Amino acid sequence: MAYLSIQNITFGYDKADPVISGFSLTISKGQRLAVKSDSGTGKTTLLRLLLGFEIPQKGSILFEGTPIPDNHYSSIRRSTAWLPQVLNIGDGTVDEVIGRIFEFGRNRGKKPRNETISETLAALHLPASIRQEAFRDLSTGQRQRVGLALCHLLDRPLLLLDEPTSALDRTAKQKAIDLLFADPGRTIISTTHDPFWLDRCGTIIELDNR
């Protein structure tokens, strides 16, 4: 049984001009899949469709063999950590924004120990002192690494990552891969233009609806 199955989906913000048309894909548990294509060809839209932020106009999506009905995506969301290109997780220090994520019902009881938070940030080449800095004052690359740390700390079996290394240098990219790819049971679906990341993904697909 496929872990995630996308069956002949079509979606467009303007129905006369679909962004994604007749697209199908089967994803196995533990697969590391990267979606590459030019801007405007539907990479981010595909991730948003998986999470139910957008609803396909045609076709279906199955998660662990069960169709996901319209407006009822709780099953896949409970299993997913999501990193958008622009990470907006509120004001406050890094410690405060991390803590806020674990106040939500589905995350409550999973809040990591202080030592685990510091170790995860260190694994991404971030000092422990960053926890007391205002998140909004961090550089783009630092915010991206905090987001990757959060995805890891949430300990979900499925990661959806939108351009996860766009603001990272080579060292930070490798550290992100070492951290996120360490669990062989974790399924990772990412969008990227980054050859370094692409080289380390087992499956690469390209969207082109022209």
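**Helix caps, sheets and a ring pair**

Modeller: Start with Asp169, which caps the N-terminal end of α6. One of its side-chain oxygens lies 3.3 Å from the backbone nitrogen of Thr171. Keep in mind that this is a predicted model.

Colleague: Which residues of α6 are buried?

Modeller: Helix α6 spans residues 170-180, and the buried ones are Ala172, Lys173, Ala176, Ile177, Leu179 and Leu180. They cover an arc of only 165 degrees around the axis, which puts them on the same side of α6.

Colleague: And what covers the buried residues of α6?

Modeller: Strands β3, β7 and β8 are included in the cover. So are helices α4 (114-123), α5 and α7 (195-198).

Colleague: Switching to rings. How many aromatic pairs does the structure hold?

Modeller: There are 4 aromatic pairs. Take Phe181 and Trp197: the ring centres are 5.4 Å apart and the planes sit at 80 degrees. Planes over 60 degrees apart count as edge-to-face, so that is what this pair is.

Colleague: Where do Phe181 and Trp197 lie?

Modeller: Phe181 is in the loop between α6 and β8, while Trp197 is in helix α7. The pair therefore ties together parts that are 16 residues apart in sequence.

Colleague: Are Phe181 and Trp197 buried or exposed?

Modeller: Both Phe181 and Trp197 are buried.

Colleague: Now the sheets. What order do the strands take in the parallel one?

Modeller: The order is β6-β7-β8-β3-β9, an open sheet of 5 strands with parallel pairing. Strands β6 (80-83) and β9 (203-206) stand at the edges. Each has a single partner strand, so one side of each is left without a neighbour in the sheet. The twist averages 15 degrees from one strand to the next.

Colleague: How many bridges join β7 to β8?

Modeller: 5 bridges, with β7 (residues 158-162) and β8 (residues 187-191) running parallel. Leu159 stands opposite Ile188 in β8.

Colleague: Which helix packs on that sheet and touches β3, β6, β7 and β8?

Modeller: That's α1, residues 43-51. The direction of α1 makes about 150 degrees with that of β7. Helix α5 (residues 140-153) lies across β6 and β7, at about 175 degrees to β6.

Colleague: What about the antiparallel sheet, what's the strand order there?

Modeller: It is β2-β1-β4-β5, an open sheet of 4 strands. The edges are β2 (20-27) and β5 (66-67), each with a single partner strand, so one side of each has no neighbour in the sheet. Helix α1 turns up here as well: α1 lies across β1, β2 and β4, running at about 115 degrees to β1.

Colleague: How many bridges pair β1 with β4?

Modeller: β1 (residues 4-11) and β4 (residues 58-63) pair in the antiparallel sense over 5 bridges. The bridge partner of Ser5 in β4 is Leu62.

Colleague: Last one, Ser60. Where is Ser60 found, and what is its relative accessible area?

Modeller: Ser60 is in strand β4. Its relative accessible area is 26%. Buried means under 20% and exposed means over 50%, so Ser60 is partly exposed.

Colleague: Beyond its neighbours within four places in sequence, which residues is Ser60 in contact with?

Modeller: Ser5, Ile6, Gln7 and Ile9.

Terms used:
Residues are numbered from 1 along each chain as its sequence is written. This is a predicted model: local features need pLDDT of at least 70, side-chain atom pairs count only at pLDDT 80 or more; totals for chains, interfaces and linings use all residues. Side-chain values use heavy atoms; hydrogens and water are left out. Two strands pair if DSSP finds at least two bridges between them. Helices (H or I, at least four residues) and strands (E, at least two) are DSSP runs, numbered from the N terminus. Axes are lines fitted to C-alpha atoms, for helices over the stretch in contact, and angles run from 0 to 180 degrees between N-to-C directions. Contact means heavy atoms within 4.5 Å. Buried means under 20% relative accessible area, exposed over 50%, partly exposed in between (1.4 Å probe, protein chains only). The arc is that of the directions from the helix axis to the C-beta atoms. A polar contact is a pair of N or O atoms within 3.5 Å; within protein, one must be able to donate a hydrogen and the other to accept it, and residues adjacent in sequence count only if both atoms are side-chain atoms. Rings of Phe, Tyr and Trp (its six-membered ring) pair if their centres lie within 6.5 Å; planes under 30 degrees apart count as stacked, over 60 as edge-to-face and the rest as tilted.
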